[in-house]
Amino acid sequence: MLSHLESGKGVPVVLVHGNFACKEWWRELLEDPPEGAWLLAPDLPGFGESPAPEGFSPSIPAYAEALRAFLQAKGAEGAILVGHSLGGAVVMEAATEGTRGLLLVNPAPPSGLETPEAYYPILESYRENREALSQALAAMAPTRRPPWFPELVAKAQGMHPAHFQGNARALAAWRLERPYPGPVLVVYGALDPLVTRGMAEATAAFFPRGRLRVLEGVGHSVNLENPGLFREILGEFLKEVAA
């Protein structure tokens, strides 16, 4: 089973981190879960404390398969799935008709996310250059970073070696074939330097019941930048889909 953190009681809500991240990106939410929510935050294979299986090759379908196995093992197949960045793509891919809803935080769009070829050597360099990695991650949370941010950087540098370039290539290759038919809320921090507002709008429009909420003054990672606001948003969404 994937390494994970959990807190609270009630409707299962599974929190899926992004690239260069781990379950601790949800720490403040886990410390104060919304009422009626059973929060589960796994490390995807090769991230944090979840080892990648032998021969694992990063792909969005492979991560989704691992997530579905985790949901089954926890008895949480009917969860609300929350995905941040790459994790947004993973939960889109993993969703089934039994999923209660999707909450997508600055997600990679269903059409995939291209990384210019010139950036791949930079991604690879983060394996050795912690200061450059720290600066790159800081840009993903421009308005506020928690006191344990250096721990997040260290865990990012501890990813499986194949992930440094492989996750970007996985996002470039991925396309979501079928839209999840249930409720979908796309939360978009307007200061995001990676995912554009147009991408967020296209993601919400892709789903029959999709809608977009734009957060001014927030960057790519509201879960780090304003965890109190994110808790409110999640609590409201939980009430909507659990009614």
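Reader: Hi! Let's start with Pro179: is it buried or exposed, or something in between?
Author: Hello! In this predicted model, Pro179 is partly exposed, because its relative accessible area is 34%, and partly exposed covers the range between under 20% for buried and over 50% for exposed.

Reader: Okay, and where is the place of Pro179?
Author: Look in the loop between helix H7 (163–173) and S6.

Reader: Which residues does Pro179 touch, leaving out those up to four places away in sequence?
Author: With those left out, Pro179 touches Phe206, Phe207 and Pro208.

Reader: And what separates the C-alpha atoms of Pro179 and Lys23?
Author: A distance of 26 Å separates those two C-alpha atoms, and the residues are 156 apart along the chain.

Reader: Changing topic to the sheet. How many strands form it, and in what order?
Author: Seven strands make an open sheet, ordered S1-S3-S2-S4-S5-S6-S7, with mixed pairing.

Reader: Nice. Which strands stand at the edges?
Author: Those are strand S1 (4–7) and strand S7 (210–215). Each has a single partner strand, so one side of each has no neighbour in the sheet.

Reader: How are neighbouring strands turned against each other?
Author: On average by 15°, with direction ignored.

Reader: Let me zoom in on S4. Are its residues buried or exposed?
Author: S4 is mostly covered, and five of its five residues are buried. Ile80, Val82 and His84 are buried on one side, while Leu81 and Gly83 are buried on the other.

Reader: What does S4 pair with?
Author: S4 pairs with S2 in the parallel sense over four bridges, and with S5, also parallel, over five bridges. Towards S5, His84 has Val105 as its bridge partner.

Reader: So what stands opposite Val105 in S6?
Author: That would be Val187. The two strands involved, S5 (residues 101–105) and S6 (residues 184–189), pair in the parallel sense over four bridges.

Reader: Now helices! Which strands does helix H3 lie across?
Author: Helix H3 (residues 86–94) lies across strand S2 (11–16), strand S4 (80–84) and S5, and runs at about 150° to S4. Together S4, H3 and S5 make a β-α-β unit that is right-handed.

Reader: And which strands does helix H8 lie across?
Author: Helix H8 (residues 197–206) lies across S5, S6 and S7, running at about 155° to S7.

Reader: Thanks, that helps!
Author: You're welcome!

Technical notes: Residues are numbered from 1 along each chain as its sequence is written. This is a predicted model: local features need pLDDT of at least 70, side-chain atom pairs count only at pLDDT 80 or more; totals for chains, interfaces and linings use all residues. Side-chain values use heavy atoms; hydrogens and water are left out. Two strands pair if DSSP finds at least two bridges between them. Axes are lines fitted to C-alpha atoms, for helices over the stretch in contact, and angles run from 0 to 180 degrees between N-to-C directions. Contact means heavy atoms within 4.5 Å. Buried means under 20% relative accessible area, exposed over 50%, partly exposed in between (1.4 Å probe, protein chains only). A crossover is right-handed if, with the strands pointing away from the viewer, the path from the first strand over the helix to the second runs clockwise.
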